[in-house]
Amino acid sequence: MRYGFVATIVGAALLTLAPDSAAGQTAAIPRMPDGRPNLQGIWQVLAPAAWDIQDHAPRLGVPAGQGVVEGNEIPYQPWALKRKQENFTNRATADPESKGYLPGVPRIMYMPFPFQIFQTPTHVAMTFEYAQGVRIVYTNGTPHPRGPIEWWLGDSRGRWDGDTFVVDVVHFTDQTWLDRAGNFHSEALHLVERYTMAGPDHLNYEVTIEDPKVFTRPWKMSMVFYRRKEPNVRLLDYVPALLMEEEQAAQERLKGN
Amino acid sequence: MHTRLVCRILALGLAAAPSMAGAQTPERPPIIAGCPTENLAWHTCALRRARSFTPPRTASGRPDFQGYWRSRLTQSFSVEGVADNHPFVKDPNERWDVGAPEIIEPADRKIPYQPWATRIGREGVNFHQYVDPRATCSTGGVPRLALQDPSQILQPPTDDHVLWLHEDHHQFRVIAMGQRPPVGQEVTTWNGVSRGRWDGTTLVIETANFNGYVWIDDSGNFYTNAARVTERLTMVDADTIHYQATIEDPTVYTRPWTVAWALIRDATPGGYELFEEACREGDRDLPLIREQGFKLYYGIPWRFR
């Protein structure tokens, strides 16, 4: 009885695997009623880009990582490279993450927390467990509002290029970083993001980063978002600023008692 | 004692922030969707009218709630209303604003507090000792979010979720439609974990897993992490939603109770979009409020439990 059960599981596993290996990268992707790829679901990155978007050795509390930057080099202007190195040295206190602020884009995409995508014909909305961030991407053909506007998560306008969802993002602050290693940008940041389903549970993410105040040329990052498949998975809360306050209040209470 | 004055000015500052998006402090019109706007009269009339209204449908055939919405009826200082002879109305430093009750049930339009909880919520213990949690850049919570700044409802055509976005401190509520595995009670969140279903043309949202760190209104009325909130959204006409929320919390109340108000479609010419209302990123108020001696609120104090 027990052996039969195991055999059935193995058989089922083979059946499930076979079509995938045969179909390779053309595995069917979910689609919306209008035929567009269906990007909806709860996604999370696995690459340790949150710590450092470039190749890096492990440090205490930091997993080793292969970078997500194309060619691994970030084309900083000379002054900016110096600033990046200072940021790295002072990262424990200088990183805006240490204040619990919204982490900016693209950083919020690869924080080690899940986010959820919703899609209608006129909007793609992204909600983030980290810091209760929200990105509303308008797909109704409207242009960016006239600036200057300094938003923590920018202003996003999207369109479809075949099966790839392309998002143009502008109107940033200069207060956010790109990772915990001090990589940074200015308020002149301009992003072009490309989201392409690579199968039902994998979403390829590529972002072109342009900032003439900080870099000598545009450069690219790419990574994969993985679908959270747990049947009970829900987007929860991780609000760092409020957790910091709560922790501080708990300490004060302890001292007071 | 100008402490509260400082606090209230700051709170007003926060409330005024979205005015750059074109929002104005709403004033109560006498009639909305053909119904008087006193909350109980509104509730009765609007639900009656809704019965003869056929709501617009999404492509998938669901009632279509999509668009931009804001509350117009209310913003009372207390959901119980504040009578003009209320002692706090006369306090020059800690003045509560006179207002009509938002509670439509029970009939006395008071929160059915258990005796121990009355003085904490209704009689000002919370209000006098703690910072309104909303002023700390957290969230209005449920149902207070639905009373505040503009919001947007999105309904993906896959019918598996409804997303309710609030401009207020970029809060959002993910409403998973249909049966979902329950979430363990230790998993607490600011706005709760919501499941939705359709009851005819009414969107029913059931929410639990609250952290109990929010207030229900400006005056400090409260629930705990044991609360469950059931909201019902029904279209009365193409531009009006009847909103009601029933709050249960057996640790605080003797019975469930219900608030109701209207949500009105924003018809700003040329369209409307939610703006990013980053709050804690620029918050310099909280340290000032705390210097005045107000404590941060993390649920009703342990000594009252």
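**Stop 1: B:Cys137**

B:Cys137 lies in the loop of chain B between helix H5 (125-129) and strand E5 (151-154). Check its backbone angles. B:Cys137 has a positive phi of about 65°, although it is not a glycine. Most residues other than glycine have a negative phi. Is B:Cys137 buried or exposed? Count the C-beta neighbours inside 10 Å: there are 21, so B:Cys137 counts as buried. The cut-off for buried is 20 or more.

**Stop 2: B:His169**

Stay in chain B and pick B:His169. Look in the loop between strand E6 (161-166) and strand E7 (171-177) of chain B. B:His169 also is not a glycine, yet its phi is positive, about 50°. B:His169 counts as buried because it has 23 C-beta neighbours inside 10 Å.

**Stop 3: the whole of chain B**

Zoom out. Chain B has six helices and twelve strands. Of its 305 residues, 46% count as buried. Now think about contacts in chain B between residues at least 6 apart in sequence. Of these, 62% join residues at least 24 apart.

**Stop 4**

Select B:Leu163. Which residues does B:Leu163 touch, not counting those up to four places away in sequence? Two are in chain A: A:Phe118 and A:Ala125.

B:Leu163 belongs to the largest nonpolar core, a set of 122 residues. Six members touch the most others: A:Ala125, B:Ala46, B:Leu163, B:Ile241, B:Tyr243 and B:Ala262. Colour strand E12 (residues 257-265) of chain B next. E12 of chain B gives the most to this core, with six residues. In soluble globular proteins, nonpolar side chains tend to be buried together.

**Stop 5: where the chains meet**

Show both chains. How many residues of chain A are in contact with chain B? There are 33 from chain A, and they meet 29 from chain B. On the chain A side, four elements each supply at least two residues: strand E2 (115-119), strand E3 (123-128), strand E4 (134-138) and helix H4 (240-256). H4 of chain A gives the most to this side, with five residues. By class, the chain A side has 18 nonpolar, eleven polar and four charged residues.

**Stop 6: the barrel in chain A**

Trace the strands of chain A in the order E1-E2-E3-E4-E5-E6-E7-E8-E9: they form a closed barrel of nine strands, with mixed pairing. From one strand to the next, the twist averages 30°.

Begin with strand E1 (residues 41-45) of chain A. Four of its five residues are buried, so E1 is largely enclosed by the rest of the structure. Now look at its partners. E1 of chain A runs antiparallel to E2 of chain A, and three bridges join them. Find A:Ile42 here; its bridge partner in E2 is A:Gln116. E1 also pairs with strand E9 (residues 219-227) of chain A, over three bridges in the antiparallel sense. In that pair, A:Val45 stands opposite A:Phe225 of E9. Strands of a sheet pair through backbone hydrogen bonds.

Move on to strand E5 (residues 155-161) and strand E6 (residues 164-170) of chain A. Seven bridges join them, and they run antiparallel. Select A:Ser156: its bridge partner in E6 is A:Val169.

**Stop 7**

Go to the loop between H3 and E2 of chain A, the place of A:Pro106. The peptide bond from A:Val105 to A:Pro106 is cis, with omega near 10°. Most peptide bonds are trans.

A:Pro112 lies in the loop between helix H3 (91-94) and E2 too. A:Pro112 is partly exposed, with 15 other C-beta atoms within 10 Å. Draw a line from A:Pro112 to A:Arg135. The two are 23 residues apart in sequence and 17 Å apart in space, C-alpha to C-alpha.

Jump to A:Pro148, in the loop between E4 and E5 of chain A. The bond from A:Gly147 to A:Pro148 is also cis, with omega near -5°.

**Last stop: confidence**

Colour by pLDDT. Chain A averages 90, with 89% of the residues at 70 or above. Chain B averages 86, and 89% of its residues score at least 70. Select residues 1-25 of chain A: pLDDT stays under 50 there, and the model has two contacts beyond four places in sequence. Residues 1-25 of chain B also stay under 50, but have 34 such contacts. Where pLDDT is low, the predicted coordinates should not be read in detail. For the complex, the predictor gives an ipTM of 0.89 and a pTM of 0.90.

Notes. Residues are numbered from 1 along each chain as its sequence is written. Chains are lettered from A and ligands numbered from 1 in the order in which they are written. This is a predicted model: local features need pLDDT of at least 70, side-chain atom pairs count only at pLDDT 80 or more; totals for chains, interfaces and linings use all residues. Two residues are in contact if their C-beta atoms, placed from the backbone, lie within 7 Å. Ala, Val, Leu, Ile, Met, Phe, Trp, Tyr, Cys and Pro count as nonpolar, Asp, Glu, Lys and Arg as charged, and the others, Gly among them, as polar. Two strands pair if DSSP finds at least two bridges between them. Axes are lines fitted to C-alpha atoms, for helices over the stretch in contact, and angles run from 0 to 180 degrees between N-to-C directions. A nonpolar core is a set of buried Ala, Val, Leu, Ile, Met, Phe, Trp, Tyr and Cys residues joined through C-beta atoms within 7 Å. A residue is buried if 20 or more other C-beta atoms lie within 10 Å of its own, exposed if 12 or fewer, and partly exposed in between; C-beta atoms are placed from the backbone. pLDDT is the predictor's confidence in each residue, from 0 to 100.
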